[in-house]
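Please look over the sequence and the model first.

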Amino acid sequence: MRKHSLFLLFLLIWGVQFASAQGKIAGRITDSASGDPLIGVNVILDGTTQGTTTDLDGNYIILNVRPGEYSLKFSYIGFSTQVIAGIRVSTGQTTRYDFRMKEEIIEGEEIVIQAERPMVQKDLTASSKTVNAAEIEALPVEGFFGVLVTQAGVNQGPGGEIHIRGGRSNEISYLVDGMSVGNPFETNGLATSVAADAIQEMTVISGAFNAEYGKAMSGIVNLVTKEGNDKLEGSVSFYGGDNVTKHSDIYGPPTSTSNLGLNVFTGEGTLSGPLPFYKKIRFFLSARYDKNEGTIYGKDLHLPSDSANFNGDRTLRDTIQEYIPGYDGPLWYYELHGKPWYEYGEGDPLPGKDVALNPRESGNFIAKFSTRPFPGAKLEYSFLMDGAKRKSFSFLYKYNPSGTTSYRDVSYNNSLHWTHTLNDRAFYTVKASYATSDAKSFLYENPLDPRYVSSGNIIGFPGNQFLMGGNQKDHVYESSSSFRLKADLTSQIGIIHETKVGAELNLHSLDRENFVILYDGDNYPVPTVPDVTTPAHDKYSGQKVLEFSLYAQDKLEFEDFIINAGLRFERFDPNGQYFPNLLNPPVKENEFETLALDAKATTLFMPRLGVSFPITETGIIHFSYGHFAQMPRLRNLYLNPEFEFGVGSNPTFGNTNMRPERTVQYEIGLQQALTSTLAFDVTGFFKDIRDYLALQTIRFSSIAGEDIYNIYLNRDYANVKGVTFALTKRRDRNGMLSAGIDYTFQIAEGNNNETNAFFYNHLSGRENELELIPLGFDQRHILSGTVTLTKLGKWGASFITSFSTGYPYTPLLFDQKIDQLPNQERKPSLIKLDAHLYRDIKLTGRGHLRLFAKIFNVLDHLNETSVFSDTGRATYSLNGQRGTHASWEPAYGLPGIQNLNEFNTRPDFYSSPREIRLGATLSF
């Protein structure tokens, strides 16, 4: 550890930069008449204190420029002052402007030139896309995720999770102002979200990213939040609507336009400017509240307390015939709101009302304060809060919705950023954050709540039907705290070298508890929490995790090519124990303590290389290569850490001695501008992924069905190969149209993980056979497009459309005579169209009103994200031919009995229906 500390000290003394939330402006100034370089030209970012002077060769460089749009002012004795307006600076990129200054003709003359944003970024060595606040605001999206999925190489899985270039959803690192806001239980993921109106810029890196980024294998999403300026500004928005669908037979109410209401509502606002009592401090505040009643509806026909007995006898027949003379149907007893079914006479209304089955309520708040205590220094403090309460749709509880659990989560993030410019060629940043998150899921907070009902209330249930009583009894509690510290420095050495080095320290503390309440009316006559010493009750607290990383990187910007070369070091200490022999587990009491070994810390060195070759003034070829790694989900590492092996149980255990998951990425691409507003980018890529987390079944006895447990191991392999194509049409200065087309062809395959293979291959001495199959979220063709029509200050319309081929699935074959691999067939293709229409109205002063409508899934298309395995469609099944509902058919027509058609109607097999929202935004 001493060696690591000395190495870190050396890096901090040597000059470097952290550019995850900063950009650079550079160029060369010459005399327009002679072409000679101009020495000592003053170059100032108008409205800021940042600036420099040109050197002996007329070159200038301004480091540490916050992303945004600027005016660049050039002044020199004897020459006209020139201002270049509309210069766009993006995260981690060099914005270059070379031009010639003219001699002053009129004293005090100032020339203003409108900059043309280049269509090709010449220093781009890996696939990256930057979207600014105005572009996000114009599109029909409800957050940055909506913009993210339109990028080439990005797709959504069947459950809506985000994937970049065939990687798993937890392989994306989300940064806010350069600091991770990941959920440590997921390794990455997004613990604290950011409202769209608080985002200044979003950068998505989907290629082989530089050494400054780590703990991610697929992509980086960096959100730069807005900050206050010297004027008081603000906005407030209110909008809402409802689902307007012709498929109410699938999703449930509303069944007519008369039932439409404000079932979806959003209120958000921002306020920024200088503090009234101390104007040197600027602030930015953003708040958002969302409420969605849900897209899927059911009916509370049953209460959790309803009971049933499907093993009736002659006595029950006599009771039923007292109400229904001559009854000769099934001898079943079941209740509807506590009343036996046979007490409902013909024509009597059944109990229950329509209930939304997947409601969600969430809120988000951001407060950001910044000040410049002295020239060249900047201090920022940010506070982020995000919370939500939701229910997930449970198909079997469609007519007993009061029996399902709710999910609650809240997270807080405090961060402090210090930036200090040492001179015009060097600066450093120090960033620290402390984040906490708390997630819970349960039906009733008190596990001994008397409203929990016995699982013994339902006797002899024939299956393949909606549940007629009972409730979910699982409890899960997760909380974490994360301290993160980053120190980075930048040094521009000459004109060519931009050197960067940095260090990062992450300390996590994890608490987790999960159990299922035992209550069957027999062995457990009252609600009972399983003993914490059994596998049925998993609990740990204060689990420490340490992550430490260093990187060194050099960006060489030659006239004919650009190189990004770097090396990253990462160390992960799980601070846990494991048992070394999987086939001789510690099944006896207290045996784990004697056999356990301390898990080893893992260290990795990962080289990164990116090269960009300008082939013309408007075209470049780029190549990048890199090694990337991250730890598997920490939730899986620490599952049942005491290795509690209950009698007669087949438990699942984590494994703190797992290796990092690893990826090697390659990509080669071409950027080419066709006109001043039209360009394309085509990129080919390949990813080799090893040591993926996989669940393995270990049988440590040769007697089948005895002595089995499951454990997570580094067993999975995957590879991804593909090509992306992006065509971008930027809006002309006085034009109306901007558009983009993104296409991805991709093959994402992984090995067929047979969970029992470990034991049998160990006995036979064979290596595990590698059989490649499509990954569950693999989509071979993805085509998306955006179109925006704008009349500045008056109106606008934008559209996002997408087409993608279906996800793979494993078909159910009758009388199967072949050994078919999983995921060999495809679900139907997916189509979507979203629209955003708005009208701008100028008010007095600086006031501005925007009226708008957002329509999601304009076509109300039924996208089948899941299917029945016997037909490959969500619209119909062969359940009837297979007799899966035969036991229920004699009861069709009885109160509360749903037929096969109702059971085959699966709203969760489809994406959301059409939704229309109307609203207004007032800005001042």
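## Asp-840 and its surroundings

The side chains of Asp-840 and His-848 are joined by a polar contact of 3.4 Å. A polar contact is a pair of N or O atoms within 3.5 Å; within protein, one must be able to donate a hydrogen and the other to accept it, and residues adjacent in sequence count only if both atoms are side-chain atoms. This is a predicted model, in which local features need pLDDT of at least 70 and side-chain atom pairs count only at pLDDT 80 or more, while totals for chains, interfaces and linings use all residues. Residues are numbered from 1 along each chain as its sequence is written, and side-chain values use heavy atoms, with hydrogens and water left out.

Asp-840 belongs to strand E48 (residues 830–842); helices (H or I, at least four residues) and strands (E, at least two) are DSSP runs, numbered from the N terminus. With a relative accessible area of 7%, Asp-840 is buried. Buried means under 20% relative accessible area, exposed over 50%, and partly exposed in between (1.4 Å probe, protein chains only). Apart from neighbours within four places in sequence, Asp-840 is in contact (heavy atoms within 4.5 Å) with Gly-793, Lys-794, Trp-795, His-848, Leu-849 and Arg-850.

## Helix H5

Helix H5 spans residues 314–323, and its buried residues are Leu-316, Arg-317 and Ile-320. These residues lie on the same side of H5, because they cover an arc of only 100 degrees around the axis. The arc is that of the directions from the helix axis to the C-beta atoms. The buried residues of H5 pack against strand E22 (333–336). On the face turned away from the buried side are the exposed residues Arg-314, Thr-315 and Glu-322. The N-terminal end of H5 is capped by Asp-313, with a side-chain oxygen 3.2 Å from the backbone nitrogen of Thr-315.

## Salt bridges

How many salt bridges does the structure hold? There are 48 salt bridges, each being a side-chain nitrogen of Lys or Arg within 4 Å of a carboxyl oxygen of Asp or Glu. The table lists some of them.

| Pair | N to O distance |
|---|---|
| Lys-24 and Glu-498 | 2.6 Å |
| Arg-635 and Glu-186 | 2.3 Å |
| Glu-478 and Arg-512 | 2.6 Å |

Lys-24 in strand E1 (residues 23–31) and Glu-498 in strand E31 (residues 497–516) are 474 residues apart, so that the pair links distant parts of the chain. Both Lys-24 and Glu-498 are buried. Arg-635 lies in helix H7 (residues 634–637), and Glu-186 in the loop between strand E14 (179–180) and strand E15 (199–205), so this pair ties together parts 449 residues apart in sequence. Glu-478 is in strand E30 (residues 474–493) and Arg-512 in strand E31, so their pair connects parts 34 residues apart in sequence. Glu-478 and Arg-512 are both buried. A network of salt bridges links Glu-142, Glu-268, Arg-288, Asp-290, Lys-854, Glu-915 and Arg-917.

## An open sheet

Five strands, in the order E3-E2-E5-E6-E9, form an open sheet with mixed pairing. Strand E3 (51–53) and strand E9 (110–114) are the edge strands, each pairing on one side only; two strands pair if DSSP finds at least two bridges between them. Strand E5 (residues 68–76) and strand E6 (residues 79–89) run antiparallel and are joined by seven bridges. Phe-74 stands opposite Gln-82 in E6.
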